[in-house]
Amino acid sequence: MTVRRTGSRTPVSTGCGASSTRGTSKPSPRKPVSTGCGTPSTGGWTPKPKVSTRSKELLEKAKGKDKTEKRTVSTGCGTSKPSTPSKPSKPTRTGC
Amino acid sequence: MTISPPGLRHTLRLEADRALLYDRVAHQYFPLSAGEAFLCTAAAEVGLDEATRMLAEKIGEEDAAEFRAQLEDEGAIDQNGFTGRLLEQRDIKGAYAAPLVCHLGVTLACNFACNHCYSSSGQRAKDELTLDDIKRLVDQLVDIGCMKLVLGGGEPFLRKELPDIVAYADSRGVDCFVHTNASLVRAEVLERLAKTPPASLAVSLDGPDAHTNDRVRGPRAFDKTMKGLEVLRAHWPHGFNLSVTITPENADLTPRLVALAKEQGAKVLLLRPAYPAGEAMKDTSLICDRETFARAIDLARPEAERLGVTLDAPHPHEQGVPDFDGFGCVAARVVLGVDPRGNVTPCLNLPGGFDSGNIKEKKLSDLWKKGRGFVLLRAQEPGPQCGTCKHYETCRGGCRVRSLYAENGLGGPDSWCHYEPREDVVPLKTPKHSPKRTKRTGAST
Ligand code: SF4
Ligand code: SF4
């Protein structure tokens, strides 16, 4: 497939599923240590952002580019497009 | 191409061991690597820059940057995270968590009477799915992340609501692929359809001339389809494909079919074999064996190259064995079929014994997971030949329809089999893979 540059596309929200199906980052249970006068924070302390368990699992499995190749998924007969994708990353097998 | 409404271009399906990205521009699912899927999910949680940094720590900066660039280029991620729809799904053993493609017969009505029609169409059935039923089906497809809907029949253009079906699916982010005999396409209906053009329009034709074509498709079918193609060229700027069912009668004529595709302005010429299903069971001389199909493609290729016609024809020798991501036959693993009455089956070519329930009464996702025919196909054990074959892991016995027709049972082998014994077994002396021309006993259900 030729990947189009879609820089002008209006960004859309992360959509349903993105936030609701994965756990939210929990605030740190630790209490900040008082450091006395002179160091009050203006914006409060922000915990280091954490990723969900699902993301963590994916990160664990992540491998470099040479080890994973993006390719099309064959979906059997009936779904050929009028024009073949210009950048098939693997020949489409449609032949059931 | 405008994807409307915005935000429906991508659907990311996360299963336990894989991530699939459906892209409506390519009309394809793409398996994503774990690293890419991580960027999609984590960008929404910690921001894209932080997600990229985390990934770089694991796989190196260069690869992480490449993954990010690719996804950004596709419009799948931006600073706010994944731009599409994300679904987390539980795995099913031996199948995708949900189908990738749904084949829907929109009506049993047909103005042709093809001798190989898998659905034995002709008269409209009284209890066909209503437009609302089909909309509910589309809604369910969206819910489970099945983004490809193939519309066949019967003749879909005999259903006046065809443009409404396509428009509704489009509005929900589902791409439609319409299969028609083109004899009924008119400027007015094309104008309605063009508001949300389907991903493809495939026109069925079974011969390069009236004599060959009409023997299979009925009197004057060739002329009617040619007229339809004329209308398409004048009123349908989105292009069309020609789709040919290969039988022993037209197999040697594929060079002329290629020339016809060129002359008619088809974008792709699809060649598919006639399956032992539906009407073809009444005239089994139409059923295509492996060598006939191979010959049809071998003959078509040089002409296609000479004329610059794109062929979509999976060569049975080169393909070796069906290879659908290790699933073999796609029925119950990648695709499902819904007949015009709403009966759900793993494959519309399979006999009725595999019907698993009706979408008027049951949820599609339940039928996919637990429907009788689906469970039966997934649970199949290899027969003696497939069990000793080194292709079993990817082939799993091949086409169930052909295997049943050859009376080899659900455990295979497909009559198109390419048996090669595994190194650790004593090879079978006489691989049983020739189709028998005996009466089929049907599904062992
Ligand atoms: S014996 Fe034939 S049908 Fe069975 S797995 Fe091997 S190649 Fe496939
Ligand atoms: S049974 Fe045959 S026709 Fe049906 S999905 Fe499987 S391979 Fe394709």
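**Reading values against definitions**

Trainee: What makes the sulfur of Cys102(B) too far from the closest cysteine sulfur for a bond?

Mentor: The closest cysteine sulfur belongs to Cys146(B) and lies 5.7 Å from that of Cys102(B), whereas a disulfide is defined as a pair of cysteine sulfur atoms within 2.5 Å, so the distance is too far for a bond. This is a predicted model, in which local features need pLDDT of at least 70 and side-chain atom pairs count only at pLDDT 80 or more, while totals for chains, interfaces and linings use all residues. Residues are numbered from 1 along each chain as its sequence is written, chains are lettered from A and ligands numbered from 1 in the order in which they are written, and side-chain values use heavy atoms, with hydrogens and water left out.

Trainee: How many disulfides does a search of the whole structure find, and how do you know that Cys114(B) is in no disulfide?

Mentor: The search, made over all chains, finds zero disulfides. For Cys114(B), the nearest cysteine sulfur is that of Cys110(B), 6.1 Å away, and Cys114(B) is accordingly in no disulfide.

Trainee: Why do Cys102(B) and Cys114(B) count as buried?

Mentor: Buried means under 20% relative accessible area, exposed means over 50%, and partly exposed is in between, with a 1.4 Å probe and protein chains only. Cys102(B) has 0% relative accessibility, so it counts as buried, and Cys114(B), with a relative accessible area of 11%, is therefore buried as well.

Trainee: Where is Ser204(B) placed in chain B, and why does it count as buried?

Mentor: Ser204(B) is placed in strand 10, residues 200-204; helices (H or I, at least four residues) and strands (E, at least two) are DSSP runs, numbered from the N terminus. The relative accessibility of Ser204(B) is 18%, so the residue counts as buried. Contact means heavy atoms within 4.5 Å, and, leaving aside neighbours within four places in sequence, Ser204(B) is in contact with residues including Thr180(B), Arg217(B) and Ser243(B). From Asp339(B), Ser204(B) is 135 residues away in sequence and 19 Å away in space, C-alpha to C-alpha.

Trainee: What places Gln28(B) among the buried residues, and what distance separates its C-alpha atom from that of Lys148(B)?

Mentor: The relative accessible area of Gln28(B) is 7%, so this residue is buried, and its place is in strand 3, residues 28-32, of chain B. The C-alpha atoms of Gln28(B) and Lys148(B) are separated by 8.6 Å, although the two residues are 120 apart along the chain.

Trainee: Why is Arg220(B) called partly exposed, and what is its phi?

Mentor: A relative accessible area of 49% makes Arg220(B) partly exposed, and the residue is found in the loop between helix 7 (210-217) and helix 8 (221-235) of chain B. Its phi is positive, about 65°, although Arg220(B) is not a glycine. Arg396(B), in the loop between helix 14 (392-395) and helix 15, also has a positive phi, near 55°, and at 23% relative accessibility Arg396(B) counts as partly exposed. Such angles are worth noting because most residues other than glycine have a negative phi, and most peptide bonds are trans.

Trainee: Which peptide bond joins Gly153(B) and Gly154(B), and where is Gly154(B) placed?

Mentor: A cis peptide bond joins them, with omega about 5°, and Gly154(B) is placed in the loop between strand 8 (148-152) and helix 5 (162-171) of chain B. The bond from Gly412(B) to Pro413(B) is cis too, with omega near 10°, and Pro413(B) lies in the segment after helix 15 (400-405).

Trainee: How many helices and strands does chain B have, and what makes it as compact as a globular protein of that length?

Mentor: Chain B has 15 helices and 15 strands. Its radius of gyration is 23 Å, close to the 22 Å that the globule rule gives for 445 residues, so chain B is as compact as a globular protein of that length; the radius is taken over C-alpha atoms, and the rule is 2.2 Å times the number of residues to the power 0.38. Of the residues of chain B, 64% count as buried, whereas in chain A, which has one helix and zero strands, 31% of the 96 residues count as buried.
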